[in-house]
Amino acid sequence: MKTASYAQSFSRAAKEYDAYAYLQQTVARELASWIEGMECESILDLGCGTGALWRALRFKPRFFTGVDLSMEMLDLHPQDPAIRLIQSDFNHPSLYEHSYDLIAASSSLQWSRDLAQSFDLIAKSAQNVAFAIFTSESLWEIHDYVDSHSPIPSKERIESLLKERFAGEFELKRYPLSFPSRVAMLSYLKGSGISGGRRLGFAQSKKLIQSAPFERLTFEVLFFVGKPLKADQK
Ligand SMILES: C[S@@+](CC[C@H](N)C(=O)[O-])C[C@H]1O[C@@H](n2cnc3c(N)ncnc32)[C@H](O)[C@@H]1O
């Protein structure tokens, strides 16, 4: 999947995103609760979107940098003297020239074009990291029904990439969402941008719209909080 395709998906969804993204807001609040107590002065938020993590943080850091590919999402981010917003791919090396007390990412790193590269860059300049990453088990109902594969990495792959570079704590959480109808379920998928712009084929979409026998979707999120490994730990 090309970067441009999912950036466009989030840009299209930006105006409706906050209304639909209650799951991502729940995930951001959960991640924020892991971060409480770290009292970091500087935070880099990768794929910050409309600012779910900033809003969820009860303590506000002195310096908060939010990075996102989509200008439409950044336009809806809260403004504050502590906040600097950058429109960029989070795999751009120039973002990692400074050191940050914490590099965080909530509901975004699953869309990295190259997750190993993202983690390498992050490990270079973070004192601490806090991630919530959707896994390939998310939306398994849809993938099973239309016989497609998730475009996002598995829990095993994310875990093994993390363990090669960081030491810390993992927690896997499942979030089932129920909808009053199939139409409600499908409009949620569109409005939240959660499918990342991945288009099903015509026959697959038709099958889903006309006859999906479920009105429930499950999402799986891997939480990780830790620190980069020191040279003698690798
Ligand atoms: C599901 S939203 C999550 C936004 C926010 N962190 C939240 O919790 O609501 C994913 C965000 O990641 C951004 N994104 C996806 N791939 C990106 C990339 N390679 N570089 C920067 N941002 C990216 C999208 O534009 C979108 O705003």
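Predicted model: local features only at pLDDT ≥ 70, side-chain atom pairs only at ≥ 80, totals over all residues.

Reply: The chain's secondary structure amounts to 9 helices and 7 strands.

Me: What makes a set of residues here a nonpolar core, and which of them have the most contacts inside the largest one?

Reply: Such a core consists of buried residues of nonpolar kinds, joined through C-beta atoms within 7 Å. The largest has 47 residues, and L31, L53, L102, I103, A104 and F131 have the most contacts inside it. Strand 5 (residues 126–134) gives the largest share of this core, 7 residues.

Me: Which residues is I103 in contact with, leaving aside its neighbours within four places in sequence?

Reply: They are L44, L46, I122, A126 and V129.

Me: Why is the span of helix 2 called close to the expected one?

Reply: Helix 2 (residues 22–35) has 14 residues and reaches 20 Å from its first C-alpha to its last. The expectation at 1.5 Å a residue is 20 Å, and the span is close to that value.

Me: How do you know that the buried residues of helix 2 are on the same side?

Reply: The buried residues are Q24, V27, A28, L31, A32 and I35. They cover an arc of only 140° around the axis, and therefore lie on the same side of helix 2. The face turned away from that buried side carries the exposed residues Y22 and S33.

Me: What covers the buried residues of helix 2?

Reply: The cover includes helix 3 (52–56), strand 4 (100–106), strand 5 and strand 7 (216–228).

Conventions: Residues numbered from 1 in each chain as written. Buried ≥ 20, exposed ≤ 12 C-beta atoms within 10 Å, placed from the backbone. Helix = DSSP H or I, 4+ residues; strand = E, 2+ residues; numbered from the N terminus. Contact = placed C-beta atoms within 7 Å. Expected span 1.5 Å × (residues − 1). Arc of directions from axis to C-beta.
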